[in-house]
Structure formats: structure tokens, C-alpha cells
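Q: Hi, could you walk me through this structure? I'm new to reading models like this.

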Amino acid sequence: MAARCQVTGVVPQFGNQISHSHRRTKRRFDPNIQKKTYWVPSLGRKVTLNISTKGIKTIDVRGIDAVVADLLAKGEKL
């Protein structure tokens, strides 16, 4: 599963792991991606999304119909 949120578009960030002796090595900060299934009344079917936890909160606030309409307008495959 790709580490990308379909709602917010958040992707992994990169930085440094710093040891006790202060040596630096590259590391990756992955977003908290969850696979979640929603019932979408406007489409009349279930939709499975790969979304971050912030994306789940966005759906709770705006509603699944509004979010799905935005995703379809952007050309996102559901």
C-alpha cells in the first residue's frame, strides 16, 4: 500500500535519525495510513479509501458525500 492519503494528499517526509553520539543517518517519517470502507449514499455503494487519521477526521467534519465529490472532481479512482 502506498503511503499516501487520498483525502489530504499527505506523503512521507524525510529527515535524519540522530544517535546518542550525534551521528546522522537518513530516515523516513510515514503518515498514519489506514484502509477504511465507507458507505456512500450518493453512489449507492461502498468505497474503500487509503486515508490518514487526519483524513478520517476531515470526513467526520465535512461528510463522506462532499469528500467523495471532491475526489471524483480531482480524477481520483475510487
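What follows is a friendly chat about the strands, the helices and the residues packed between them.

Q: Before we start, what kind of model is this?
A: This is a predicted model.

Q: Okay! How do strand 1 and strand 2 pair up?
A: They run antiparallel, with 6 bridges between strand 1 and strand 2. As one example, glutamine 13 has phenylalanine 29 in strand 2 as its bridge partner.

Q: And what is in the loop between strand 1 (13-18) and strand 2 (24-29)?
A: Histidine 22 sits in that loop. The two strands form a hairpin with 5 residues between them. Histidine 22 has a positive phi, near 70°, and it is a residue other than glycine.

Q: You mentioned phenylalanine 29. What lies over the face of phenylalanine 29?
A: Arginine 27 does, at 3.9 Å from the ring centre.

Q: How many aromatic pairs does a search of the whole structure find?
A: The search finds 0 aromatic pairs.

Q: Next pair, then. How many bridges join strand 3 to strand 4?
A: There are 8 bridges between strand 3 (residues 33-40) and strand 4 (residues 45-52), and these strands are antiparallel. They make a hairpin with 4 residues between them. In the turn, glycine 44 has a positive phi of about 75°.

Q: Which residue in strand 4 is the bridge partner of isoleucine 33?
A: That's serine 52.

Q: Is serine 52 buried or exposed?
A: Serine 52 has a relative accessible area of 5%, so it is buried. Leaving aside neighbours within four places in sequence, serine 52 is in contact with Cys5, Thr8, Val10, Asn32 and Ile33.

Q: Cys5 is on that list. Where is cysteine 5?
A: Cysteine 5 is in the segment before strand 1. Its relative accessibility is 0%, so cysteine 5 counts as buried.

Q: What does cysteine 5 touch?
A: Apart from its neighbours within four places in sequence, cysteine 5 is in contact with Val10, Ile33, Asn50, Ile51, Ser52 and Gly55.

Q: What about threonine 48, is it buried or partly exposed?
A: Threonine 48 lies in strand 4. With a relative accessible area of 41%, threonine 48 is partly exposed. Not counting residues up to four places away in sequence, threonine 48 touches Gln6, Lys35, Lys36 and Thr37.

Q: How far apart are threonine 48 and lysine 74?
A: They are 17 Å apart in space, C-alpha to C-alpha, and 26 residues apart in sequence.

Q: Switching to helices. Which residues of helix 1 are buried?
A: Gly55, Ile56 and Ile59 are the buried residues of helix 1. Down the helix axis they fall within an arc of 105°, so they line one face of helix 1. On the other side of helix 1, Lys54, Lys57, Asp60 and Val61 are exposed.

Q: Why can residues three or four places apart point the same way?
A: An α-helix has 3.6 residues a turn, so residues with that spacing point the same way.

Q: What do the buried residues of helix 1 pack against?
A: They pack against strand 3, strand 4 and helix 2.

Q: And what follows helix 1?
A: Glycine 63 does, and its phi is positive, near 100°.

Q: On to helix 2! Which of its residues are buried?
A: In helix 2 (residues 64-74), the buried residues are Ile64, Val67, Val68 and Leu71. They cover an arc of only 95° around the axis, so they are on the same side of helix 2. These buried residues pack against strand 3, strand 4 and helix 1 (53-62). Just after helix 2, glycine 75 has a positive phi of about 85°.

Q: Last topic: which residues touch the most other members in the largest nonpolar core?
A: This core has 14 residues, and Val7, Tyr38, Leu49, Ile51, Ile59 and Ile64 touch the most other members. Strand 3, strand 4, helix 1 and helix 2 are the elements that give two or more residues to this core. Helix 2 gives the most, with 4 residues.

Q: Tyr38 is in there. What does tyrosine 38 touch?
A: Not counting residues up to four places away in sequence, tyrosine 38 touches Arg45, Lys46, Val47, Leu49, Ile51, Ile56, Ile59 and Ile64.

Definitions and conventions. Residues are numbered from 1 along each chain as its sequence is written. This is a predicted model: local features need pLDDT of at least 70, side-chain atom pairs count only at pLDDT 80 or more; totals for chains, interfaces and linings use all residues. Side-chain values use heavy atoms; hydrogens and water are left out. Two strands pair if DSSP finds at least two bridges between them. Buried means under 20% relative accessible area, exposed over 50%, partly exposed in between (1.4 Å probe, protein chains only). The arc is that of the directions from the helix axis to the C-beta atoms. Contact means heavy atoms within 4.5 Å. A nonpolar core is a set of buried Ala, Val, Leu, Ile, Met, Phe, Trp, Tyr and Cys residues joined through side-chain atoms within 4.5 Å. Rings of Phe, Tyr and Trp (its six-membered ring) pair if their centres lie within 6.5 Å; planes under 30 degrees apart count as stacked, over 60 as edge-to-face and the rest as tilted. A charge sits over a ring if NZ of Lys or CZ of Arg is within 6 Å of the ring centre and within 35 degrees of the ring normal.
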